[in-house]
Amino acid sequence: MNFLEHSHRRYNPLTGEWVLVSPHRAKRPWQGQTEKATQENRPSYDPECYLCPGNKRTSGISNDNYESTFVFTNDFSALLPDTPSDELNDDLFKAKAEQGLSRVICFSPKHNLTIPEMDVNVIKKVVDLWCDEYESLGKMDFINHVQIFENKGAVMGCSNPHPHGQIWAQSSIPDEVMKESEKQKLYFDRKNNTLLSDYLHQELKKDERIVLENDTFVSLVPFWAVWPFETMILPKRIVSKITDLTQQEKMDFADMYKKLTIKYDNLFEVSFPYSAGIHQAPTDGLEHPEWHLHMHFYPPLLRSASVKKFMVGYEMMANAQRDITAEQAAQRLNELSNTHYKQL
Ligand code: H2U
Ligand code: ZN
């Protein structure tokens, strides 16, 4: 099969979904929307920012005068711990009360920084905080899943440029995680190895979609990527949850997070928007040897700082679709400098 010439579908073994790839379409003219590149000159402290140290949030509560990372319970949490248990089970009408907690994590006191511009030791503190939160939230009786994620850039619905992420912990296993959980379990039961460790082993051999590698982690554009420059960070050894990483491996995670986001910023010389999140073992008290920790990056940009990919029409009605191939995207990311463009 000629992946560069002919339309084809690729299978995502983690979710069981397909993506339609149409490489010949990549050259079609574009007259659609252009997003403005956001103004980059921000102060290191913004008195109006609800995430800067010491500032008052909408709730009236003030942030600590924090010096590295800071976590607080979301003042507008989508999930609350004291929601009364209730259930509706009426044939086609099913509903169930959901308990949970939402947290906001500030990555740095500096309003004008982003991960690619932060010192790797500072990013390591973010990884440490993820571990603390995964552990403490996961331990709660009613929490069976902890979702750590980051929305970056206004185009991804991020409300504030101050470097931050979120955590939503809840009693149910959410759909995206459930799909991956089931696929990984089936694979593990059959092969006695994790799906992603077999996958990574083959990707390293093929060397067509690898973007970065350090001692512990690999960044690659998955074979089944949907978003134009979608990537995944995954550990080489089988690790089912971030709290299983050693101190050195957490440092390597921070290093990979920084290096990958530097590549992203360098692609269109803009603070590159994305939604990223960590998928790992549920905190339901069961053993999960099938789970192989990984972090997904779903960036919307397609061909410039202002032209993004929309998931509309066919994608909404039928199937995910992309034009440039995963291999082309990986090659472009690969060729970019490892030094941030602002430093060049
Ligand atoms: P974004 O990552 O989408 O920008 O979300 C930031 C979160 O911060 C958002 O979920 C919360 C919002 O509810 N927030 C507070 O908890 N307190 C505030 O004073 C403003 C925003
Ligand atoms: Zn701020």
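## Terms and model

A polar contact is a pair of N or O atoms within 3.5 Å; within protein, one must be able to donate a hydrogen and the other to accept it, and residues adjacent in sequence count only if both atoms are side-chain atoms.

This is a predicted model, in which local features need pLDDT of at least 70 and side-chain atom pairs count only at pLDDT 80 or more, while totals for chains, interfaces and linings use all residues. Residues are numbered from 1 along each chain as its sequence is written, chains are lettered from A and ligands numbered from 1 in the order in which they are written, and side-chain values use heavy atoms, with hydrogens and water left out.

## Around ligand 1

Ligand 1 is surrounded by 15 residues (a residue is near if one of its heavy atoms lies within 4 Å). Thr 58, Asn 74, Asp 75, Ser 159 and His 164 are the closest. The shell consists of 5 nonpolar, 8 polar and 2 charged residues (Ala, Val, Leu, Ile, Met, Phe, Trp, Tyr, Cys and Pro are nonpolar, Asp, Glu, Lys and Arg charged, and the others, Gly among them, polar).

Ser 159 has a polar side-chain atom 2.6 Å from an oxygen atom of ligand 1. For Asp 75, a polar side-chain atom lies 2.7 Å from a nitrogen atom of the ligand. A side-chain N or O atom of Gln 166 is 3.0 Å from an oxygen atom of ligand 1. Taken alone, ligand 1 exposes 480 Å², and the protein buries 88% of that (Shrake-Rupley method, 1.4 Å probe).

## The sheet

Three strands form an open sheet in the order S1-S2-S14, with mixed pairing (strands are DSSP runs of E, at least two residues, numbered from the N terminus; two strands pair if DSSP finds at least two bridges between them). Strands S1 (8-12) and S14 (320-322) stand at the edges with a single partner strand each, so one side of each has no neighbour in the sheet.

S1 pairs with S2 (residues 17-21) in the antiparallel sense over 5 bridges. His 8 stands opposite Val 21 in S2.

Terms used. Helix = DSSP H or I, 4+ residues; strand = E, 2+ residues; numbered from the N terminus.
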